Amino acid sequence: MTDIPSGSGAVARTTMDKVHGSLARRHRKQLILQIFGITAISLAFLMLFILLASLITTGHKAFTQTEITLEVFIDPEEISVERLPRGNFTNVLAAAVAADLPSVDQQDRAEMRVVGGILSNGAQFQLRDRVVEEPELIGQTITISVPVSDPYDQLHKDLLDRETPENLRRLDDTQIAYYDRLVENGAIAASLNTGLLTNADSRFPELAGLKGAIMGSFWALLTCFLISFPLGIGAAIYLEEFAPKNKLSDFIEVNINNLAAVPSVVFGLLALSVFIGLFGLPRSAPFVGGLTLALMTMPTIIIATRAALKAVPPSIREAALGLGASKQQVVFGHVVPLAMPGILTGTIIGLAQALGETAPLLLIGMNAFITSAPATPFDSATALPTQIFIWADSPERGFVSRTSAAILVLLTFLIMMNAIAIYLRSKFERKW
Amino acid sequence: MTTLAFAILLVASLAAYALNRRAATTIRDGGARLHSVSNYHGLFALLLMLVPVLVVILIWLVLQGPVVNAMVMWALPAGTLDGLDTGQADLILAEIQSISGGRIFGDPEPWKLAAAAHLTELRELAALGLVLLTALLCLAIMYVARRKVAAGFRARQGVERIISGLMIFCSVAAIFTTVGIVASLAFETYKFLRLVPLTEFLFGLNWEPQIPIRADQIAAAGAFGWLPVIAGTIVITFVAIFIAVPIGLLSAIYLFEFAPKRIRSVAKPLLEILAGVPTVVYGFFAILVVAPAIRSLGASMGIPVAPNTALAAGGVMGIMLVPFISSFADDALSAVPRSMRDGALALGATRAETVLNVLFPAAIPGIVGGVLLAVSRAIGETMIVVMAAGLMANLTLNPLESVTTVTVQIVTLLIGDTSFDNPKTLAAFALGMMLFIVTLIINIFALRIVRKYREAYD
């Protein structure tokens, strides 16, 4: 141990000592910054996780549908060949359910109404369609599986709490007793809900499906692609390869960049007042939706295409020009084919954005309630995102899981499109 | 019939291509020296036909509907439309159209049935006219194009001129879009301002967009002052930015400077997923998870929380903007020249000091540009607020209360019936105009900052 006399100590402390003295503090600061960074990014991922987890936990139940299998006697007294497609299919079905429930008095109309309520409202139409197809079934007994109505579906999926006081529950004790009895008989079972993809929209959650929305989105995206792809590529090629550097091309460029940042709802206003108000195109039509989305997608495609064209090295252009090709032969014969993977990637990403776009479609009326899938782009329809919006707004409990399921379907489409884009990029893009 | 017209055009242009190409080949085989290869002769005929006829067909299709409707209305028995306003006249037209489409409700008057028959007849006539016109035009152009084929004809230059013209048209389409937006917004806003004075719209403190149902109705005269609406927008935007900027910046700094390569290669695509989720999904997330969570948190702390708080909508919007801000910050940080960073490290600065004291200040303009773009996004964002924010305009700055935004009002005013003659629907266009102007100014400003800064270091 040496005693350093005071006074000379300050002199002996070199810069290095100072640095060493503060080093711990500075490293601690660095650590704090790192911890903040990790916290921030974990927070973002936590949110992503909660988002996906909440969608999956609520949505997976909509991928199964509770169905009841019935032995239906098609009573000729209720249904006759002459009156088809009219006939009292509801009564026939209710009688079939009641046959499984010995406690029910088939003459008591109020009780029979409760029993009939176990079945979905769509069950009668399912039976009707089958009988209309094969009228010889009248008078016979057939086995048919029909969806149960929403409260029973909820009960079967454990979404309805039996502990809730009876007056606050959607099903009273008798109805739950009926349900238990039917489960005991093995009549009620959950099966894969194909209706989610093959049915169109419905007021009844157990019947509502996405077919109309998927077809609507398909037509809208097709229109969007057919318009925005040629227009966007044409504009990009001209601006990148041919346009003289002048005020006009500068203006177009600034214009395109700004257009890419205009709020989507403004495009909806444009569509409403020009396409529908001025041109008189039909409301709610996927064609109009596609036109609107095309205007929004075009800037994305132009920007992506220009980047892809820029990435093609000048030596290719010079070599082709040197061999005597005209400027257009250079561009269309060499530059564009080489840039094509980049262009397609940008286009698919643009289309994926368009698929998720909702606000402009709401303004042109693609949130209508339509129970059939559109056959042409000019029929009224909804699109996937607007269908999600409609279902999210519906008060029935069954629509909560349907909404999540619809979102999962939409996300699946988006992931597929992005995967194709990534595949194209990694497979075909060249690095020079 | 329309499909037939397109089919005729397609077949005719392919035929014209084949015809001209064969003609050119024949000339070449005859020993003459062609100026352009025969393929260009064919292409010239194809484009010469395809472009003008397509334009004619499209113009016809756009005009057909309105012209036929006008002819039907004009041919109605004299006096039927006397004293009816445009809305009622439109209603009659719609009824005639639905009768002609085979959907008859009740017992329409005989003159309506006659008009419907007239409409059907006119439509058939128009469709036939279109097909005939297409066929005639195609034949004429085929003849003209065929006459052009000669050894000295500069078919390639012709083709390139047409393609140039097409490409210029494509570029101008972007301008058309902007002009269309501005013109339609300005036109409807002008109509709105004739009904509601500009001073009331800009400075009014009440937003109650109602219209009297009857002319003599009292106390339903609506108020159209946009201040409470813009105040709500500002509150929600502020909440969103308040959440997005710290999270976005910190994660960008971490990923840029500290994260091991493996984490970076996982984290960046995950952030991109967050950016690619459609906004309607975020909206549903807000009402399904975030709003109930905030409500129960408020209840447990004894704070009264409105059902549609600005906090829920703004918070979810903030999450949406995180990847946006972090990618801008990442770009800005990578654009700082390497020499500055090396210099700082060489002087003995820790990595944290380098990032915070050297790179970050140098990247500030780019980051500010990115944040401004995020602000403009938040202002224009629609679905999250439509689903999670309130409908009632409420002049408050408290994020725990329910507020409404410009975009919510636009959507709610225009969902449902829309006739373009009352202040209620027109108000949506006035709001849209303000939205467009505000976001445009922010965007131009932000893009300029970003661009200028990028040039400074390049």
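The model is predicted, so please read every value below as computed from it. Chains A and B share an interface that buries about 6,200 Å² between them.

**Where the two chains meet**

- On the chain B side, 79 residues are in contact with chain A, and on the chain A side 73 residues are in contact with chain B.
- The size of an interface is often given as the accessible area lost when the parts come together.
- For chains B and A that area is about 6,200 Å², and 79% of it is on carbon and sulfur atoms.
- Three residues of chain B stand out here: Met167(B), Tyr254(B) and Phe284(B) supply 9% of the area that chain B buries against chain A, more than any other three residues.

**What holds hands across the interface**

- Side chains of opposite charge can pair when their charged atoms come close.
- Across the interface of chain B and chain A, the rule finds one salt bridge.
- Its partners are Glu353(B) and Arg26(A), whose side chains meet with N and O 2.7 Å apart.
- The interface also has 11 residue pairs in polar contact.

**The build of chain B**

- Chain B has 15 helices and two strands as its secondary structure.
- The C-alpha atoms of chain B fill a box of roughly 80 × 80 × 40 Å along the principal axes.
- The radius of gyration of chain B is 31 Å, whereas a compact globule of 458 residues would have one near 23 Å.
- Of the 458 residues in chain B, 47% are buried.
- Taking the contacts in chain B with a separation of 6 or more, 74% are between residues 24 or more positions apart.

**Salt bridges within chain A**

- Asp180(A) forms a salt bridge with Arg162(A), and their closest N and O atoms are 2.9 Å apart.
- This pair links distant parts of the chain: Asp180(A) is in helix α7 (residues 173-184), Arg162(A) is in the loop between α6 (150-156) and α7, and the two are 18 residues apart.
- Asp180(A) has 29% relative accessibility, so this residue counts as partly exposed.
- Arg162(A) is partly exposed too, because its relative accessible area is 37%.
- In another salt bridge, the side chains of Glu241(A) and Arg317(A) meet at 2.8 Å, N to O.
- Here the partners are 76 residues apart, with Glu241(A) in helix α9 (residues 211-242) and Arg317(A) in helix α13 (residues 314-322) of chain A.
- Are Glu241(A) and Arg317(A) buried or exposed? Both are buried.

- Glu95(B) pairs with Lys112(B) in a salt bridge, with the closest N and O atoms 2.7 Å apart.
- Glu95(B) lies in helix α3 (residues 86-100) and Lys112(B) in helix α4 (residues 110-148) of chain B, so the pair ties together parts that are 17 residues apart in sequence.
- Glu95(B) counts as partly exposed because its relative accessibility is 29%.
- Lys112(B) has a relative accessibility of 8%, so this residue counts as buried.
- Back in chain A, salt bridges that share partners join Glu240(A), Glu253(A) and Arg306(A) into one network.

**Two serines in loops**

- Ser80(A) is found in the loop between β1 (64-73) and α3 (89-100) of chain A.
- Why does Ser80(A) count as buried? Its relative accessibility is 19%, and the cut-off for buried is under 20%.
- Ser80(A) is 190 residues from Leu270(A) in sequence, and their C-alpha atoms are 55 Å apart in space.
- Ser402(B) lies in the loop between α13 (383-388) and α14 (406-414) of chain B.
- With 18% relative accessibility, Ser402(B) counts as buried.
- Leaving aside neighbours within four places in sequence, Ser402(B) is in contact with Ala306(B), Asn308(B), Gly390(B), Met392(B) and Asn394(B).

Conventions:
Residues numbered from 1 in each chain as written. Chains lettered and ligands numbered in written order. Predicted model: local features only at pLDDT ≥ 70, side-chain atom pairs only at ≥ 80, totals over all residues. Heavy atoms only, no water. Contact = heavy atoms within 4.5 Å. Buried area = accessible area lost by both parts, 1.4 Å probe. Salt bridge = Lys/Arg side-chain N within 4 Å of Asp/Glu carboxyl O. Polar contact = N/O pair within 3.5 Å; in protein donor to acceptor, adjacent residues only side chain to side chain. Helix = DSSP H or I, 4+ residues; strand = E, 2+ residues; numbered from the N terminus. Rg over C-alpha atoms; globule rule 2.2 N^0.38 Å. Buried < 20%, exposed > 50% of the residue type's maximum accessible area, 1.4 Å probe, protein only.
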